[in-house]
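Welcome! Take a look at the structure below, and then let us walk through it together, one topic at a time.

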Amino acid sequence: MIVEFYGEKSIVFGNNDGDVFSLSPEGEIVYSVALDGQIKQSPAPLAYEGSVAVFVSSSNGSVTALSNTGDIIEELSFENGVALGGSI
């Protein structure tokens, strides 16, 4: 997914190892974050507390909000015994 934070574009994606990456248009790593569980869905940019955050769901049943620098700003856990599926 392509995200634009304050004029800076990046490509954000996850992998089966639970890592989320943000790459600049030049291909440089802006950030990488290790999360629990596999990332099977595309991240989603959403308005959050007056800014924009990238929300990522994982196979362990959690949704994590990341800032434009890769900091975890919110983590929600759904203890329902099944992986989250589909897009946010």
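In what order do the elements of the protein run from the N terminus on? They run β-β-β-β-β-β-β-β. Please keep in mind that this is a predicted model. The protein has eight strands and zero helices, and the strands are arranged in an open sheet with the order 1-2-3-4 and an open sheet with the order 5-6-7-8.

**The protein as a whole**

- The protein has 88 residues, and buried residues make up 34% of them.
- Its accessible surface comes to about 5100 Å², and carbon and sulfur atoms account for 50% of that.
- Some contacts in the protein are between residues at least 6 apart in sequence, and of these, 29% join residues at least 24 apart.

- Strand 1 (2–5) and strand 4 are the edge strands, and each of them pairs on one side only.
- On average, neighbouring strands of this sheet are turned by 25° against each other, direction ignored.
- As a reminder, strands of a sheet pair through backbone hydrogen bonds, and the pairing can be parallel or antiparallel.
- Strand 3 and strand 4 are joined by five bridges in the antiparallel sense.
- To see this pairing for yourself, find Leu23, which stands opposite Ile29 in strand 4.

**Ser24, between two strands**

- Where is Ser24 found? Ser24 sits in the loop between strand 3 (19–23) and strand 4 (29–34).
- Is Ser24 buried or exposed? Its relative accessible area is 11%, so Ser24 counts as buried, because the cut-off for buried is under 20%.
- Beyond its neighbours within four places in sequence, Ser24 is in contact with Lys9 and Val30.

**A nonpolar patch on the surface**

- Three residues, Ile2, Ile11 and Phe13, form a nonpolar patch on the surface, and together they have about 280 Å² of accessible area.
- Phe13 belongs to strand 2 (residues 8–14).
- Phe13 has a relative accessibility of 32% and therefore counts as partly exposed, as this value lies between the cut-offs of 20% and 50%.

- Strand 5 and strand 6 (residues 51–57) pair in the antiparallel sense over five bridges.
- Among the facing residues, Ala44 stands opposite Phe55 in strand 6, and Leu46 stands opposite Ala53 in strand 6.
- How many residues lie between strand 5 and strand 6 in their hairpin? There are two, and Glu49 in the turn has a positive phi of about 50°.
- Strand 7 (residues 62–66) and strand 8 also pair in the antiparallel sense, over five bridges.
- Ser62 has Ser77 in strand 8 as its bridge partner.
- The hairpin of strand 7 and strand 8 has five residues between the strands, and Gly70 in the turn has a positive phi of about 90°.

- Val54 has its place in strand 6, while Glu74 lies in strand 8.
- With a relative accessibility of 0%, Val54 counts as buried.
- Glu74 has a relative accessible area of 30% and is therefore partly exposed.
- Leaving aside neighbours within four places in sequence, Val54 is in contact with residues including Met1, Val3, Phe5 and Val12, as well as Thr64, Ala65 and Leu66.
- Val54 and Ala44 are ten residues apart in sequence, and their C-alpha atoms are 5.4 Å apart in space.
- Which residues does Glu74 touch, not counting those up to four places away in sequence? They are Tyr48, Val63, Thr64 and Ala65.
- Glu74 and Tyr48 are 26 residues apart along the chain, and their C-alpha atoms are separated by 9.9 Å.

Conventions:
Residues numbered from 1 in each chain as written. Predicted model: local features only at pLDDT ≥ 70, side-chain atom pairs only at ≥ 80, totals over all residues. Heavy atoms only, no water. Helix = DSSP H or I, 4+ residues; strand = E, 2+ residues; numbered from the N terminus. Buried < 20%, exposed > 50% of the residue type's maximum accessible area, 1.4 Å probe, protein only. Contact = heavy atoms within 4.5 Å. Areas by Shrake-Rupley, 256 points an atom, 1.4 Å probe, with all protein chains shown as cover. Pairing = 2+ DSSP bridges. Patch = residues over 30% accessible without salt bridge, like charges linked within 9 Å, V, L, I, M, F, W, Y side chains within 5 Å. Salt bridge = Lys/Arg side-chain N within 4 Å of Asp/Glu carboxyl O. Axes fitted to C-alpha atoms, helices over the stretch in contact; angles between N-to-C directions.
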